[in-house]
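Hi everyone, thanks for coming. I have one structure to walk you through today, so let's bring it up on the screen.

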Amino acid sequence: MMIEHVIAILLFSLIASATPGPNNLMLLSSGINYGFYRTIPHMSGICIGFVFLLSVVGLGIVQVFEAYPLIYRILRIVSACYLLFLSWEIAMASPPKDIKGDKPGNARHKPLSFLQAASFQWVNPKAWTMGLTAVTAYIPPIDPILGITLVVVLFGLVCIPCLIAWTLLGVQVRRFLDDPIRLRRFNIVTGCLLAGSLYPVLFSSV
């Protein structure tokens with residue numbers, strides 16, 4: 001039974017971590033615009049930030065939301081506003097001077113730092129959805145501490161290769177975006193897709 005439970009968590013964490021979402025779209029864009037090595041702090045911040053968020057959610061923040069639903073509504077509004085701001089930043093990002101290398105160029109914007117990426121998890125709608133689902137569906141009430149530990153560890157292990165894969169995909173894709181005009185168009189499309197990822201949040205609010 002324990003093995004089946006672990007497999008179920010692994011499948012959920014893999015699907016949740018590998019599918020497109022704000023984090024993965026931002027890593028794709030960062031890999032294209034800044035290269036792999038400059039995106040490492042961004043990847044690290046996502047992993048550590050989400051693991052911490054998942055731990056806090058598992059330790060009882062769900063009960064806080066149930067007792068004070070207004071807090072969750074405010075969080076959703078803040079999340080939507082910040083995600084729209086990041087969408088604009090990506091769409092308006094200037095291409096680096098040396099798009100083919102992994103060296104910093106004359107980009108107007110910089111890749112997200114570790115702290116920025118970690119903090120973003122607290123206003124990331126998909127991160128909250130993943131965390132709340134994992135806690136409510138995969139943590140047994142009989143032994144919640146062991147359940148939380150298992151979910152956090154498995155999610156942390158699974159998300160690392162997924163984040164690396166999306167960044168490497170961006171690095172490979174930018175070979176075909178050596179034209180600044182094509183790169184600008186890609187950034188605009190990516191920004192729009194990131195803003196479009198808010199649709200489930202807004203739809204569920206309605």
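**A walk through the helices**

The protein chain has nine helices and zero strands. Before we go on, please keep in mind that this is a predicted model. Reading from the N terminus, the order of elements is α-α-α-α-α-α-α-α-α. The chain has 206 residues, and 47% of them count as buried.

How much of the contact list comes from residues 24 or more positions apart? Among contacts with a separation of 6 or more, such pairs account for 83%.

Let's start with Phe12, which you will find in helix α1. Setting aside neighbours within four places in sequence, Phe12 is in contact with Met130, Thr133, Ala134, Tyr138 and Phe155. Take Ala134 from that list: Phe12 and Ala134 are 122 residues apart along the chain, yet their C-alpha atoms are separated by 8.1 Å.

Now follow Phe12 across to Phe155, one of its contacts. Not counting residues up to four places away in sequence, Phe155 touches Phe12, Ser13, Ala16, Ser17, Phe50, Leu54, Met130 and Ala134.

That brings us to the nonpolar cores. The largest has 21 residues, and the members that touch the most others are Phe50, Leu54, Val151 and Phe155. Helices α1, α3, α6 and α7 each supply at least two residues of this core. Which helix gives the most? That would be α6, with seven residues. Apart from this core lies another one, of 20 residues, including Met26, Phe120, Val171 and Leu183.

Since α6 came up, let's look at that helix by itself. It has 14 residues and reaches 19 Å from first C-alpha to last, close to the 20 Å expected at 1.5 Å a residue. Is α6 enclosed or open? Because 10 of its 14 residues are buried, α6 is largely enclosed by the rest of the structure. Among those buried residues are Trp128, Met130, Ala134 and Tyr138, and the charged Lys126 is on the list too.

Next, have a look at α2. Here 13 of 13 residues are buried, so to speak a mostly covered helix. This helix spans 17 Å between its first and last C-alpha atoms, close to the 18 Å expected at 1.5 Å a residue. Just after α2 comes Gly35, with a positive phi of about 90 degrees.

Why does His42 count as buried? Its relative accessibility is 2%, and the cut-off for buried is under 20%. Leaving aside neighbours within four places in sequence, the contacts of His42 are Met26, Leu27, Ser30, Leu112, Ser113 and Ala117.

Finally, the empty space. Rolling a probe the size of a water molecule over the atoms shows where such space is left. In this model there is one cavity of 30 Å³ or more, and the largest cavity holds about 170 Å³ of space. Its lining is made of 17 residues, with Ser17, Asn23, Ile46, Met130 and Leu163 nearest the centre. The elements giving two or more residues to that lining are α1, α2, α3, α6 and α7. What kinds of residues line the cavity? The lining divides into 10 nonpolar, six polar and one charged.

Terms used: Residues are numbered from 1 along each chain as its sequence is written. This is a predicted model: local features need pLDDT of at least 70, side-chain atom pairs count only at pLDDT 80 or more; totals for chains, interfaces and linings use all residues. Side-chain values use heavy atoms; hydrogens and water are left out. On a 1 Å grid over the protein atoms alone, a cavity is a set of points where a 1.4 Å probe fits but cannot get out, and a pocket is an open set with protein on both sides within 12 Å along at least five of seven lines; lining residues have an atom within 4 Å of a point. Grid points are joined across faces, edges and corners, and a volume is the space filled by probe spheres set on the points. Helices (H or I, at least four residues) and strands (E, at least two) are DSSP runs, numbered from the N terminus. Buried means under 20% relative accessible area, exposed over 50%, partly exposed in between (1.4 Å probe, protein chains only). Contact means heavy atoms within 4.5 Å. A nonpolar core is a set of buried Ala, Val, Leu, Ile, Met, Phe, Trp, Tyr and Cys residues joined through side-chain atoms within 4.5 Å. The expected span of a helix is 1.5 Å times one less than its number of residues.
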